[in-house]
Structures are given as C-alpha cells and as structure tokens.
Amino acid sequence: MNKPLAELPININPLYLASQKASKLSYAPYSKFHVGCAIETQLGQILLGANQENVSFPACLCAEAVGLSNYAMITDKSPILRVGIYVHSDVPTYPCGICRQMLLEYETRQPGHTIDYYIFSKESFATFTSIKTILPHSFSEFIPT
Ligand SMILES: [Zn+2]
C-alpha cells in the first residue's frame with residue numbers, strides 16, 4: 001500500500017535522498033525512464049546505482065544491478081540493511097523480474113539479515129521486508145549461503 005512521503009520515517013530520509021540523487025545519474029536517452037537505487041549497509045554506508053541504457057538494448061543495466069555491483073566492489077562487507085529505489089513517477093515503480101532475482105541472491109547470501117525495501121515515487125512510497133515478498137516461487141534453491 002502506498003503512503004504519502006510525508007509519512008516517511010525520518011531515519012529513512014537519507015535513503016530517499018540518496019536514491020533520488022542516484023536517479024539523476026541515470027543515462028536513459030531512449031526510455032526517458034530514470035531510476036535511482038540506494039543500497040544502505042548496516043554500517044551506514046550508502047552505495048548508489050542508476051540505470052544505464054545503450055543503443056544495443058540488451059546491453060542496458062538497471063539501477064539495481066548497478067547498485068549491487070557497487071556493493072559487490074566494497075571490501076569491508078557489511079550486510080545490506082535497506083534498498084531504496086526512486087523513480088520520478090506518480091506511483092512507486094517496483095523492480096523488474098531480473099532485478100528481483102539479483103536482489104534475492106544478495107539477500108540469501110546474508111542469512112539472518114533481511115532487507116527492507118523502500119520504493120519511492122515523487123510523492124509516495126511503498127515498503128516491504130524481503131524481496132521474497134514480491135518474488136513468490138523464486139529460483140533460489142541453488143544459491144550458496
Ligand atoms: Zn531491473
């Protein structure tokens with residue numbers, strides 16, 4: 001259920017601002033669909049991702065994939081606490097199926113640490129815990145833990 005941004009808990013505001021900032025780093029000349037992703041670790045580090053399009057469309061990268069790649073490159077791994085995804089749209093836009101599967105892999109690799117998700121639009125947000133909430137019957141039995 002979507003809530004107005006005025007109801008966003010104050011401790012989530014940095015995640016909101018970071019994901020909004022990330023959306024401005026998007027390269028989306030074809031779709032004009034600018035997505036920002038912010039990945040917050042338990043140590044408070046926030047890593048950004050933005051979608052990167054290419055004239056060869058299969059080469060496009062989603063904001064979540066770029067954000068997860070940035071997270072993968074840090075050496076001082078702290079579990080992912082929250083993921084924020086921002087699209088300057090009227091209603092929150094959820095991750096695509098491929099990104100849900102990618103997020104599931106990272107979530108599964110940090111047993112005992114669930115991830116809270118915040119999906120932001122320009123005036124509202126939706127929130128849920130665990131990507132499994134929006135990825136039923138996931139392909140996960142072979143993910144190493
Ligand atoms: Zn995606």
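This is a predicted model: local features need pLDDT of at least 70, side-chain atom pairs count only at pLDDT 80 or more; totals for chains, interfaces and linings use all residues.
Start by selecting the strands. They form an open sheet of six, in the order β1-β6-β5-β4-β2-β3, and the pairing is mixed. The edges are taken by β1 (3-4) and β3; each has a single partner strand, so one side of each is left without a neighbour in the sheet.

**Strand β2 and its two partners**

Select residues 35-41, which are strand β2. Six of the seven residues of β2 are buried, and the strand is mostly covered. On one flank, look for β4 (residues 80-87), which runs antiparallel to β2 and is joined to it by seven bridges. Then show β3 (residues 46-50), also antiparallel to β2, with five bridges joining the two.

Which residues stand opposite isoleucine 39 in β4 and in β3? In β4 the residue is valine 83; in β3 it is leucine 47. Further along, glycine 36 has alanine 50 of β3 as its bridge partner.

Now follow the chain from β2 into β3. The two strands form a hairpin with four residues between them. Stop at glycine 44 in the turn, where phi is positive, about 95°.

**Strand β3**

Keep β3 selected and turn to its surroundings. Five of its five residues are buried, so β3 is largely enclosed by the rest of the structure. Cover is found on both faces: Ile46, Leu48 and Ala50 are buried on one side, Leu47 and Gly49 on the other. β3 is also one of the two edge strands, with a single partner strand.

**Helix α2**

Next select residues 63-72, helix α2. Is this helix enclosed or open to the outside? Seven of its ten residues are buried, so α2 is largely enclosed by the rest of the structure. The buried residues are Ala63, Glu64, Ala65, Val66, Gly67, Leu68 and Tyr71. They pack against α1, β2, β3, β4 and α3.

Apart from neighbours within four places in sequence, alanine 63 is in contact with Ala22, Ser26, Val35, Gly36, Cys37, Gly49, Ala50, Asn51 and Ile85.

**Helix α3**

Move to residues 97-108, helix α3. At 1.5 Å a residue, its twelve residues should span 16 Å, and the end C-alpha atoms are 16 Å apart, which agrees.

Colour Cys99, Leu103, Leu104 and Glu107, which are buried. They cover an arc of only 145° around the axis, which puts them on the same side of α3. An α-helix has 3.6 residues a turn, so residues three or four places apart point the same way. The buried residues of α3 pack against α2 and β4.

**The core**

Hide the backbone and select the nonpolar side chains. The largest nonpolar core has 32 residues, and those with the most contacts inside it are Ala22, Cys37, Ala38, Ile39, Ala63, Val83 and Ile85. At least two residues of this core come from each of α1 (13-23), β2, β3, α2, β4, α3 and β5 (116-120). Among the core residues with the most contacts, Ala63 has already been visited: its contacts include Ala22, Cys37 and Ile85.

Select lysine 32, in the loop between α1 and β2. Lysine 32 has a positive phi of about 60° although it is not a glycine. With 8 C-beta neighbours inside 10 Å, lysine 32 counts as exposed.

Go on to threonine 129 in strand β6 (residues 124-129). Threonine 129 is exposed, having 11 other C-beta atoms within 10 Å. Leaving aside neighbours within four places in sequence, threonine 129 is in contact with Thr114 and Asp116. For a distance across the model, pick serine 19 too: the C-alpha atoms of serine 19 and threonine 129 are separated by 18 Å, and the two residues are 110 apart along the chain.

End at histidine 137, in the segment after β6. Its phi is positive, near 55°, in a residue other than glycine. Histidine 137 is exposed, with 6 other C-beta atoms within 10 Å.

Note on methods:
Residues are numbered from 1 along each chain as its sequence is written. A residue is buried if 20 or more other C-beta atoms lie within 10 Å of its own, exposed if 12 or fewer, and partly exposed in between; C-beta atoms are placed from the backbone. Two strands pair if DSSP finds at least two bridges between them. The expected span of a helix is 1.5 Å times one less than its number of residues. The arc is that of the directions from the helix axis to the C-beta atoms. Two residues are in contact if their C-beta atoms, placed from the backbone, lie within 7 Å. A nonpolar core is a set of buried Ala, Val, Leu, Ile, Met, Phe, Trp, Tyr and Cys residues joined through C-beta atoms within 7 Å.
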